[in-house]
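This briefing is intended for a reader who will inspect the coordinates directly. The notes after the display are grouped by topic.

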Amino acid sequence: IISIVDDQNNQSKKLAVNEFLIGGEKNWVIVNIPLSLLNIKGAKINKIIFEQNNGKYKARIFIDDVILT
């Protein structure tokens with residue numbers, strides 16, 4: 001799950017990251033999530049939150065090359 005918190009401490013809606021997988025290689029996965037789907041409406045981003053949603057397996061993840069456009 002991903003969501004964004006703006007500079008007024010408003011949290012965006014939550015999106016399931018697995019719905020935006022577009023490929024990858026060597027255990028890395030590319031994810032492309034349009035900011036418009038998070039409904040932040042031009043606010044300044046204060047935090048990006050990644051959270052687990054199944055509560056069972058707490059896999060270690062690594063996040064690299066975050067690009068906001």
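Is aspartate 65 buried or exposed? Aspartate 65 counts as exposed, at 64% relative accessibility, where exposed means over 50% relative accessible area, buried under 20% and partly exposed in between (1.4 Å probe, protein chains only). The model is predicted, so local features need pLDDT of at least 70 and side-chain atom pairs count only at pLDDT 80 or more, while totals for chains, interfaces and linings use all residues. Residues are numbered from 1 along each chain as its sequence is written, and side-chain values use heavy atoms, with hydrogens and water left out.

**Confidence**

- The protein chain has an average pLDDT of 83, and 90% of the residues score at least 70; pLDDT is the predictor's confidence in each residue, from 0 to 100.
- Confidence is highest in S1, at a mean of 92, and lowest in S2, at 82.
- Where pLDDT is low, the predicted coordinates should not be read in detail.

**Overall architecture**

- The protein chain contains four strands and zero helices; helices (H or I, at least four residues) and strands (E, at least two) are DSSP runs, numbered from the N terminus.
- Along the sequence, the pattern is β-β-β-β.
- Of the 69 residues in the protein chain, 20% are buried.
- Among contacts with a separation of 6 or more, 52% join residues 24 or more positions apart; a contact means heavy atoms within 4.5 Å.
- The accessible surface of the protein chain is about 5900 Å², and carbon and sulfur atoms hold 49% of that surface; accessible areas come from the Shrake-Rupley method with a 1.4 Å probe, and for residues only the protein chains shown count as cover.

**The salt bridge**

- One salt bridge is found in a search of the whole structure; the term denotes a side-chain nitrogen of Lys or Arg within 4 Å of a carboxyl oxygen of Asp or Glu.
- Its partners are the side chains of glutamate 51 and lysine 14, at 3.3 Å from N to O.
- Because glutamate 51 lies in the segment after S4 and lysine 14 in the loop between S1 and S2, the pair ties together parts that are 37 residues apart in sequence.
- Glutamate 51 is partly exposed at 31% relative accessible area, and lysine 14 is likewise partly exposed at 47%.

**Buried polar residues**

- Aspartate 6 is located in strand S1 (residues 2-6) and counts as buried at 11% relative accessibility.
- A polar atom of the aspartate 6 side chain lies 2.9 Å from the backbone nitrogen of glutamine 8.
- Beyond its neighbours within four places in sequence, aspartate 6 is in contact with Ala43, Lys44, Ile45 and Asn46.
- Serine 12, in the loop between S1 and S2, is buried with a relative accessible area of 11%.
- With residues up to four places away in sequence not counted, serine 12 touches Ser3, Ile4, Leu38 and Ile40.

**Nonpolar surface patch**

- Ile45, Ile48, Phe50, Ile61, Ile63, Val66 and Leu68 make a nonpolar surface patch of about 620 Å².
- Patches are made of residues with over 30% relative accessible area and no salt bridge, with like charges joined within 9 Å and nonpolar side chains (Val, Leu, Ile, Met, Phe, Trp, Tyr) within 5 Å.
- Isoleucine 48 belongs to strand S4 (residues 45-50) and is partly exposed, at 33% relative accessible area.

**Positive phi values**

- Most residues other than glycine have a negative phi.
- Asparagine 9 has a positive phi near 65 degrees; asparagine 9 lies in the loop between S1 and strand S2 (21-23) and counts as exposed at 59% relative accessibility.
- Aspartate 65, in the segment after S4, also has a positive phi, near 55 degrees.

- Asparagine 39 lies in the loop between strand S3 (30-31) and S4 and counts as partly exposed at 45% relative accessibility.
- Isoleucine 67, in the segment after S4, counts as exposed at 67% relative accessibility.
- The C-alpha atoms of isoleucine 67 and asparagine 32 are separated by 9.4 Å, and the two are 35 residues apart along the chain.

Conventions: A polar contact is a pair of N or O atoms within 3.5 Å; within protein, one must be able to donate a hydrogen and the other to accept it, and residues adjacent in sequence count only if both atoms are side-chain atoms.
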